[in-house]
Amino acid sequence: MNIVDLIIKKRDGGKLTKEEIDFFVNGVTDSSIPDYQVSAMLMAIYFQNLDNEETSELTLAMAHSGSTFDLSSIEGIKVDKHSTGGVADTTTLILAPLVASCGVPVVKMSGRGLGFSGGTLDKLESIPGFRIDVSEEQALEYAKTSNIVLMSQTDNLTPADKKLYALRDVTGTVENIPLISGSIMSKKIAAGADAIVLDVKCGSGAFMKDYDSAVALAKTMADIGKSVGREVTAVISGMDQPLGMNIGNSLEVIEAMEILKGNVGGDLLEVALTLGAYMLISAKTADSVEDGKAKLMENIKNGKGIAKFRELLIQQGGNPDIIDDYSLLPLSPEKEVVCAEEDGYVYSMNTAEIGRASLETGAGRASKADSIDFGAGIIMKVRIGDTVKKGDAIAEVYSAAKEKCLSAANYLKGAVSIKEEKPEDVRLILDIIK
């Protein structure tokens, strides 16, 4: 088999067989196919696309390009969750303890943030002492004891995807639904869960800006799941404003704890409850979305959710005292308050620009090599539809340096639109794809 022939075949719109896709992925994994030819194939796929069968075969080949995580020794149906990324998207820190407190095992491998999309690992690492590097043997023991593990990906999980993603990032071939779907689902399949709940973000602060693109991505991932015997549910959720009020690593940990304590509600809680309800349904421990949400809310009210979060901290070396004393978490020293410059309604937000503002504070990274200021970030004071008076605070900015605060504040001023007319209500859950 010759890689040049396969590139030409896909370039001309041909359909690749399972054997040809396996040959390509094996060549990526062992580097027998050079980067320039891999890049040529990626560009051919970008322009000619893959059909459902090709996408499923590519996903499976990537999933089995390295080791896979065997969760069969853990009792019950194991459910995983994945978000396509957004601003102030802290759902994992809320729903993982809540779902685990209902008796459903949650073994979640998470990634780091890049750009304005915050990473769960960065948030966890803002907690003093918390260990994200957990071996597979430790993860299995933790899951059997506590039902919850939040960890970094093991080194040999989907190595083909790691190489392909790095090349897609520098060759302009990221924005292709089969390639995006294959990348996400290969990791989820390799991670060993029986069922997967996806949170596909849609809006100004999401990778998918419009509804049709979000639905197409969700349907492709659901089809992949079906083809490999996994139950997949995709929730299409809005990202036309930050999901939570806190943006930044330690700040988002605080908001998650406040929600688990029952002190805070709003959109972040609602999305977490929706995703968690579908996780419970997939695990056969809830009969409906309403039943699932009720079970999760009950474990907020009775303290089981925050108790499970405390158990997670102790299990993985984090300081459990942060639950009662937020001053033990990092907070950057410089502060700038951004105020409304006119009376009116908060009409709209450019969520990507708000994410860009958080980058300016040091809370995110523009490239994988960048370091993060765990105590930097933004606390939003308003939501779309709120009324404000000139001089009212719309956000607080925290950073290590005053100039970073001022730069972030400038982005925020341009990202929040205030008008005399009242905006339409913002839809939060746009669709459910099974």
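Rings of Phe, Tyr and Trp (its six-membered ring) are taken to pair if their centres lie within 6.5 Å, with planes under 30 degrees apart counted as stacked, over 60 as edge-to-face and the rest as tilted. By this criterion the structure holds one aromatic pair. The ring centres of tyrosine 46 and phenylalanine 47 are 5.3 Å apart and the planes stand at 90 degrees, so the pair is edge-to-face. Accessibility was classed as buried under 20% relative accessible area, exposed over 50% and partly exposed in between (1.4 Å probe, protein chains only). Tyrosine 46 is partly exposed, at a relative accessible area of 26%, whereas phenylalanine 47 is exposed, at 62%.

The model is predicted: local features need pLDDT of at least 70, side-chain atom pairs count only at pLDDT 80 or more, and totals for chains, interfaces and linings use all residues. Residues are numbered from 1 along each chain as its sequence is written, and side-chain values use heavy atoms, with hydrogens and water left out.

Side chains of opposite charge can pair when their charged atoms come close. A salt bridge was assigned where a side-chain nitrogen of Lys or Arg lies within 4 Å of a carboxyl oxygen of Asp or Glu, and the structure holds 22 such salt bridges.

One of the salt bridges joins glutamate 20 to lysine 9, with the closest N and O atoms 2.8 Å apart. This pair links distant parts of the chain, since glutamate 20 belongs to helix H2 (residues 18-29) and lysine 9 to helix H1 (residues 3-11), 11 residues apart. Glutamate 20 is buried, with a relative accessible area of 14%, while lysine 9 is partly exposed, with 29%.

A further salt bridge is formed by the side chains of lysine 188 and aspartate 80, at 3.2 Å from N to O. Lysine 188 lies in helix H9 (residues 177-190) and aspartate 80 in strand E1 (residues 79-83), so the pair ties together parts that are 108 residues apart in sequence. Both lysine 188 and aspartate 80 are buried.

Aspartate 89 and lysine 201 also form a salt bridge, their closest N and O atoms being 3.9 Å apart. Here the link runs between the loop that separates E1 from helix H5 (91-101), where aspartate 89 is found, and strand E4 (residues 195-202), which holds lysine 201, 112 residues apart. Aspartate 89 and lysine 201 are both buried.

Strand pairing was assigned where DSSP finds at least two bridges between two strands. Strand E11 (residues 393-399) is mostly covered, with six of its seven residues buried. Strand E7 (residues 334-339) pairs with E11 in the antiparallel sense over six bridges, and valine 337 stands opposite glutamate 396 in E11. Strand E9 (residues 377-380) likewise pairs with E11 in the antiparallel sense, over four bridges, with isoleucine 378 opposite valine 397 in E11.

A disulfide was defined as a pair of cysteine sulfur atoms within 2.5 Å, and by this rule the count comes to zero disulfides. Cysteine 339 is in no disulfide, the nearest cysteine sulfur, that of cysteine 405, being 14 Å away. Cysteine 339 counts as partly exposed at 30% relative accessibility, whereas cysteine 202 is buried, with a relative accessible area of 6%.

Key. Helix = DSSP H or I, 4+ residues; strand = E, 2+ residues; numbered from the N terminus.
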